[in-house]
Amino acid sequence: MIGDKHIASKSEALDYDIRIQKPSTDKYFNSVFKQNYMVSNQAIKTEDLKLYSDWLAEDVLASWTICAEYLLNKYKCNSIIIEHKKLSDGSDEAISVDVSTRGLETEKVAHSKQEKDIVEEAAIAMGLLVTQLLRPCIFIHVLKQGAGYDYYYLSADSPDEELLEVTGTEIPNSGQERLRR
Amino acid sequence: MNAMMLENAQMKNLVKAISSNLIRAQNEERNEKDSSLRNSFLDMAGYDSVFLAKLLLEINDSVESSRYFLSAAFSYEKSGALNQSLACFNKIKEIGEEAFITDAEEGISRINSIKKEQLDITTREGKLSALDYLIWKHYGLTTTDAKSYMEKEFGQDLTNDSIRAHAKKLEERKRVIIWGGPQGREYHIYPNIADLATRSQHYGRTSLFAGSIQDRVTKEFRIRFENLDYNKEIFILNSSIKPKMIMAVDMNAFVKNLRVFTTPNFSLKALGVLRKSRDLENNGYKPMLSDELDLVDSDTLFNGLTDETIYNRATCGGT
């Protein structure tokens, strides 16, 4: 997502996944994508996480939002690349999207949380924002399944609920590997 | 996903509370030293999940209902609320949706195989689980009983204050109901049966039920005075208990506490045997209610706010 932080997310039922990282002209970026990306006229605003406030409590959303903003600010990131599989024809697509934060002071986040927690919560925040961008979500809920906590969402264009998996990692290009474990 | 969840305000609020508490619990998974906060969130999520599952069952959505009962079962199992978890798994079997039966049977088998020796009683949560285990095993304990059993069965010499603090924590998590206290007075601690996913495993057992008086429904019973020693007034205990329960009180209790029984939503606790409403037929009270409801056949009543005893059959000689 930001610098060397990466987020992967997928929705298995409809077989699309997204990968986010800071736009770059360096060799690493080119080796990962090996393709051109489109510049989207859409933008992601961290404050848009409030779109989920019908279904998730304010304190939960606030914690996710501030973690995402902390990392976005730390790495001075104002746009990201999203790579995803298009539902219409299954082809891959990479798009560049501008990102903006609320401009709040975020330095204290690092003191109140561990670095690992920040990356994980930021990952969820960015995963939800990107999901909202690609397929507007009208319902989300969490269920306890065995040892895990499963996030399900319902998009406006489908009657079927889908499982949403998000992970954040500092190891380049390893997010999707973690999800497939 | 049930379409009602998108529209119905009560269901929306429950979904939001459940999801948020599960996320909070997930965040607390990282705290390996103390699981009490995580378990509190899991218990809250489990409680709300059971309530939502019951609402879904009322609108005949057995699939979505089973999904939430299963989530509640896993939440409770993880927090150590084993009786609540077991009731959820049993309820899934009662509903009978094929897709959930295997999970339910595995869950029942898993919980039944847990031995009390597996509890880590060196931790606060372990002591809480041990007390929970004893209360459900003995179907109600006083502070003194609990202290004695903790020593006998777990080798733990806890003070009365410590027992009371643990019991209060269990009550906050809605696993037990307490009558008595405060300070030096004995606590009488009972399993919270009313809020279980299913009460089917507990008929015929005596426990404490907390609620408020909603309606007098004696007229919903066709009465044949064959058993003159059995003279009851019958009330809906509380509309927020799902499925709702009725409470039979002795005529003596009714007559001596007319103000209580005519005050809308008067809060009380009833100690009595859990039965089905049709069981009253044996005593000449044939239910004409549209649903078969669970019944607490009370012999002792307490003011729900002050815990003052307002009726005791043994001392009032009532029927």
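Biologist: Of the contacts in chain A with a separation of 6 or more, what percentage is due to residues 24 or more positions apart?

Modeller: This is a predicted model, in which local features need pLDDT of at least 70, side-chain atom pairs count only at pLDDT 80 or more, and totals for chains, interfaces and linings use all residues. Residues are numbered from 1 along each chain as its sequence is written, while chains are lettered from A and ligands numbered from 1 in the order in which they are written. Two residues are in contact if their C-beta atoms, placed from the backbone, lie within 7 Å. Among the chain A contacts with a separation of 6 or more, the share from residues 24 or more positions apart is 65%.

Biologist: What is the radius of gyration of chain B?

Modeller: Chain B holds 12 helices and 12 strands. Its radius of gyration, taken over C-alpha atoms, is close to the 20 Å given for 319 residues by the globule rule, which is 2.2 Å times the number of residues to the power 0.38. Chain B is therefore as compact as a globular protein of that length, with a radius of gyration of 20 Å.

Biologist: How far apart are the C-alpha centres of domain 1 and domain 3 of chain B?

Modeller: The domain bounds come from an automatic or database domain assignment. Chain B is divided into domain 1 (4–112), domain 2 (118–191) and domain 3 (203–316). Between the C-alpha centres of domain 1 and domain 3 of chain B, the distance is 30 Å.

Biologist: Which element gives the most residues to the side of chain B that touches chain A?

Modeller: The contact takes 17 residues from chain B and 16 residues from chain A. On the chain B side, helix H2 (9–28) and helix H4 (62–79) are the elements giving two or more residues. With nine residues, the element that gives the most is H2(B).

Biologist: Which strands stand at the edges of the three-stranded open sheet of chain B?

Modeller: This sheet has the order S1-S3-S2, with antiparallel pairing; two strands pair if DSSP finds at least two bridges between them. Each edge strand has a single partner strand, so one side of each is left without a neighbour in the sheet. The edge strands of chain B are S1 (141–142) and S2 (176–180).

Biologist: In the hairpin of S11(B) and S12(B), which residue takes a positive phi?

Modeller: Strand S11 (residues 294–303) and strand S12 (residues 309–312) of chain B pair in the antiparallel sense over three bridges. Tyr311(B) in S12(B) is the bridge partner of Leu301(B). Five residues lie between the strands of the hairpin, and a positive phi near 65° is taken by Asp307(B).

Conventions:
Helix = DSSP H or I, 4+ residues; strand = E, 2+ residues; numbered from the N terminus.
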